[in-house]
Amino acid sequence: MQVEIGALVHKDCGSDVLEAMQQTEGVAVAMIEMGRSNDLFSDRQFGEYGEAAIITIIADEAHKGAVFDRLFEACNLFDQSKGLIYMTEPVIRTTL
């Protein structure tokens with residue numbers, strides 16, 4: 001089974017995350033979209049809004065902890081409040 005690990009982080013994390021996920025065992029898919037947020041960041045380049053990276057990672061359940069930790073590290077959330085990360089329960093894949 002697999003889990004979804006997602007993040008809403010400052011836009012500067014995007015390229016670092018893609019590079020980190022390419023080298024992380026258990027990552028099936030890593031996607032990044034850009035958007036704007038008015039509630040997470042004090043750095044607002046567009047008046048009321050600041051740019052954010054919306055990250056979605058599909059990872060093998062056996063490696064979810066390591067992938068989550070690597071994402072946390074790639075976004076530099078140890079030292080800065082630059083976003084949030086979440087993880088879903090395992091996703092059951094079925095075929096019809």
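Where is the place of Asn76?

Guide: Please note that this is a predicted model. Asn76 is found in the loop that lies between α2 (64-74) and β4 (83-87). Its backbone has a positive phi of about 55 degrees, although Asn76 is not a glycine. Most residues other than glycine have a negative phi.

The aromatic residues Phe72 and Phe78 may be considered next. Together they form an aromatic pair, with 4.7 Å from centre to centre. Their planes stand 80 degrees apart, and the pair is therefore edge-to-face, since that class requires an angle over 60 degrees. The count of aromatic pairs comes to one by this rule. The two partners fall into separate accessibility classes: Phe72, at 26% relative accessibility, is partly exposed, whereas Phe78, at 57%, is exposed, the cut-off for exposed being over 50%.

Accessibility may also be followed along helix α1, which covers residues 14-22. Here Gly14, Val17, Ala20 and Met21 are buried. These four residues lie on the same side of α1, because the arc they cover around the axis is only 130 degrees. Ser15, Glu19 and Gln22 are exposed, and they are on the other side of α1.

How values were computed: Residues numbered from 1 in each chain as written. Predicted model: local features only at pLDDT ≥ 70, side-chain atom pairs only at ≥ 80, totals over all residues. Heavy atoms only, no water. Phe/Tyr/Trp six-rings, centres within 6.5 Å; stacked < 30°, edge-to-face > 60°. Buried < 20%, exposed > 50% of the residue type's maximum accessible area, 1.4 Å probe, protein only. Helix = DSSP H or I, 4+ residues; strand = E, 2+ residues; numbered from the N terminus. Arc of directions from axis to C-beta.
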